[in-house]
Amino acid sequence: MKRILICGANGLLGQRLALMLSTQTEYEVLNTSHHRSFVFDDRLFDYTQLDISRKGDVKSLISSFQPTVIINAASATNVDWCEDHREEAWNANVVGVENLIDAARKVGARIIHLSTDYVFDGKQGPYGEDDRPNPISYYGKSKLAGENALRIADLPFAIVRTIVLYGSGLDVKQNFALWVLNSLKAGRHIRCVDDQISNPTYVSDLAYAVVKVFELTRQGVYHVCGGERISRYDFAVRIASIFDLDSSLIDRIKTSDLQQPAPRPLVTGFITLKAESELGFKPMDTTQGLTLLKRELQNARKN
Ligand SMILES: NC(=O)c1ccc[n+]([C@@H]2O[C@H](COP(=O)([O-])OP(=O)(O)OC[C@H]3O[C@@H](n4cnc5c(N)ncnc54)[C@H](OP(=O)(O)O)[C@@H]3O)[C@@H](O)[C@H]2O)c1
């Protein structure tokens with residue numbers, strides 16, 4: 001039986017992967033994350049706390065579980081926090097990956113690792129897998145260093161890069177779509193930039209692609225994102241429209257107005273032809289993704 005170790009299973013993507021994979025009888029799945037407890041009922045899911053930056057813990061867990069594959073969705077993902085907490089960001093995004101690599105090599109496991117459009121500078125999107133990274137934020141630099149640790153490691157790996165993830169989950173960090181939604185529902189004015197352009201990605205779409213990379217034993221880099229390139233401002237307006245909320249609460253601004261600690265790549269987006277042809281990935285456009293999100297939130301309220 002194939003054994004799958006999921007790291008970062010409490011996160012937005014990690015939860016989705018846990019739900020998709022743990023329910024399949026042909027796999028034995030061990031979910032792990034930073035926190036002592038799992039967001040889902042641990043009578044239904046196998047869960048162990050694991051901080052990937054702790055080398056000894058990673059080594060002993062992997063040598064006892066003997067995974068076939070490690071899916072690393074664990075990461076420090078708050079871009080501004082990473083800019084101000086460089087050591088912690090490096091520990092999660094680079095040292096953590098190095099620890100997984102060392103332990104995986106010993107048991108013959110392969111690694112599927114998640115990365116980001118922030119490895120690019122945002123001057124010439126949309127980007128293909130072979131375009132040259134040039135990160136401008138510390139988060140982007142740490143994610144690229146994590147990717148590079150895999151590239152020089154002597155083990156089979158895949159890197160799945162994605163962009164502006166959105167979706168719902170239990171106690172997940174507020175993503176852009178949920179922030180817009182909650183703000184508009186509360187009648188709060190928000191400011192959204194119209195000069196950051198990329199492809200927002202519905203989390204189930206990404207989880208599908210990651211599972212395909214695993215099932216088809218693919219290696220190398222894959223770009224996976226939503227099918228529509230759109231500014232954050234237009235994305236927020238679309239959210240208002242799908243959820244019947246007041247779009248006049250959304251003010252259009254520029255990135256420079258925000259004075260954020262970390263610089264942002266302005267024009268990214270991915271070319272996803274490789275994922276489409278090799279994984280059968282069919283990217284959803286923003287309206288489809290948001291419609292599914294709306295249904296997801298309605299179902300969660302009913303349960
Ligand atoms: N979110 C986006 O917009 C976006 C865009 C592009 C790429 N990505 C990439 O996609 C992947 C998944 O993102 P996501 O949005 O699902 O992230 P997320 O919701 O922030 O989840 C990340 C999870 O990793 C855990 N974690 C952090 N440091 C850890 C450590 N040292 N050991 C073990 N677990 C640790 C976090 O736990 P705590 O919450 O307890 O810290 C959290 O549960 C990441 O690699 C990210 O870089 C995300």
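## Basis of the model

Residues are numbered from 1 along each chain as its sequence is written. Because the model is predicted, local features need pLDDT of at least 70 and side-chain atom pairs count only at pLDDT 80 or more, while totals for chains, interfaces and linings use all residues.

Helices (H or I, at least four residues) and strands (E, at least two) are DSSP runs, numbered from the N terminus.

## The ligand shell

The ligand is surrounded by 31 residues, and the closest are Gly 8, Gly 11, Leu 13, Ala 74 and Leu 114. A residue counts as near a molecule if its C-beta atom, placed from the backbone, lies within 6 Å of it. Helix H1 (12-22), helix H4 (86-107) and strand E5 (110-116) each give at least two residues to this shell. The largest share, three residues, comes from H1.

By type, the shell holds 14 nonpolar, 14 polar and three charged residues. Here Ala, Val, Leu, Ile, Met, Phe, Trp, Tyr, Cys and Pro count as nonpolar, Asp, Glu, Lys and Arg as charged, and the others, Gly among them, as polar.

## Helix H1

H1 is mostly covered, with nine of its eleven residues buried. Buried means that 20 or more other C-beta atoms lie within 10 Å of the residue's own; exposed means 12 or fewer, and partly exposed is in between, with C-beta atoms placed from the backbone. Among the buried residues of H1 are Leu 13, Gln 15, Arg 16 and Leu 17.

The elements that cover the buried residues of H1 include strand E1 (2-7), strand E2 (27-33), strand E4 (69-72), E5, strand E7 (165-166) and helix H7 (203-215).

## Two helix pairs

The axes of H4 and helix H5 (residues 138-151) come within 9 Å and cross at roughly 15°. Axes are lines fitted to C-alpha atoms, for helices over the stretch in contact, and angles run from 0 to 180 degrees between N-to-C directions. H4 and H5 are therefore roughly parallel to each other. Angles under 35 degrees count as roughly parallel, over 145 as roughly antiparallel, 65 to 115 as roughly perpendicular and the rest as oblique. Residues of this contact include Trp 90, Val 94 and Val 97 of H4 and Tyr 139, Ser 142 and Ala 149 of H5. Two residues are in contact if their C-beta atoms, placed from the backbone, lie within 7 Å. The contact of H4 with H5 divides into ten nonpolar, three polar and three charged residues.

Helix H6 (residues 176-185) and helix H8 (residues 232-242) have axes that come within 10 Å and cross at roughly 55°. H6 and H8 are therefore oblique to each other. Phe 176, Ala 177, Val 180, Leu 181 and Leu 184 of H6 meet Arg 232, Ala 236, Ile 239 and Ala 240 of H8. Eight residues of the contact of H6 with H8 are nonpolar, none is polar and one is charged.

## Residues in loops

Phe 38 is in the loop between E2 and strand E3 (47-49). Phe 38 counts as buried because it has 22 C-beta neighbours inside 10 Å. Not counting residues up to four places away in sequence, Phe 38 touches Ala 9, Asn 10, Asn 31, Phe 45 and Tyr 47.

The peptide bond from Gly 125 to Pro 126 is cis, with omega near 5°, and Pro 126 is found in the loop between E5 and H5. Although not a glycine, Gln 66 has a positive phi of about 50°. Asp 244, also not a glycine, has a positive phi of about 55°. With 8 C-beta neighbours inside 10 Å, Asp 244 counts as exposed.
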